[in-house]
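This report covers aromatic contacts and one surface patch.

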Amino acid sequence: MKHEFAYEEAQRHLRQRNRFAALASVLGLTSLLAVGAAATREESVILVPVTSERLTLGSDATDAHYLELVTRDTALMLLNRAPESLDYWMEQVLKVADPAAHGSFKAELVKIVDEQRGSDISQAFVISRMEVDPQALTAVVTGTLKTFVGAQVIASQQRSFEFSWNRRGLSLGLTGFRQLPNENEEEGQ
């Protein structure tokens, strides 16, 4: 009788062990599938810029409209400056700079800050149009650049500026910025 009881007890433990092994296998396979799905899933972030629309930036490509909004905000920040806000201006421009271009940007910005500090010279930029190329991650912004001494406008010129961007993950970093020659300058050369 003791042998029969021991045999039944052993069979019960064996069935219980097999159920736990099956459960562990199912949980392991589920975990493996979840990790695989998370690693291969396309990443996206919902962005809420200062606009009435919702934008989504995926890991596959940069949306032209998003590139335009980022360039617009950066152009206005970069091209509108006054002596009273130079330190804040430089700090904000460096925040949008690509880490690889941070040093060269800082050197150029320090030159501008040193030239403009203590003066009454300010500038304002009004955008009239923009062309973006999401494949090359560039944008050309055209508008009127006004230069002021105090409250007096001393210059008002149509200018175009090219912005170059680099994509790192889901963020854009400014890698280059230059003023393009206007049509009058091109004809004179």
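Is Phe161 buried or exposed? Phe161 counts as buried because its relative accessibility is 3%; buried means under 20% relative accessible area, exposed over 50%, and partly exposed in between (1.4 Å probe, protein chains only).

The model is predicted, so local features need pLDDT of at least 70 and side-chain atom pairs count only at pLDDT 80 or more, while totals for chains, interfaces and linings use all residues. Residues are numbered from 1 along each chain as its sequence is written, and side-chain values use heavy atoms, with hydrogens and water left out.

Three aromatic pairs are found in a search of the whole structure. Rings of Phe, Tyr and Trp (its six-membered ring) pair if their centres lie within 6.5 Å; planes under 30 degrees apart count as stacked, over 60 as edge-to-face and the rest as tilted. Two of the pairs involve Phe161.

| Pair | Centre to centre | Angle of planes | Class |
|---|---|---|---|
| Phe125 and Phe161 | 5.5 Å | 85° | edge-to-face |
| Phe161 and Phe177 | 5.5 Å | 10° | stacked |

Phe125 is in strand 3 (residues 121-133) and Phe161 in strand 5 (residues 152-168), so their pair ties together parts 36 residues apart in sequence. Phe177 belongs to strand 6 (residues 171-180) and is 16 residues from Phe161. Strands (E, at least two residues) and helices (H or I, at least four) are DSSP runs, numbered from the N terminus. Phe125 is buried, as is Phe161, whereas Phe177 is partly exposed at 30%. One aromatic cluster is formed by Phe125, Phe161, Phe163 and Phe177.

Phe20, in helix 1 (residues 2-40), counts as exposed at 53% relative accessibility.
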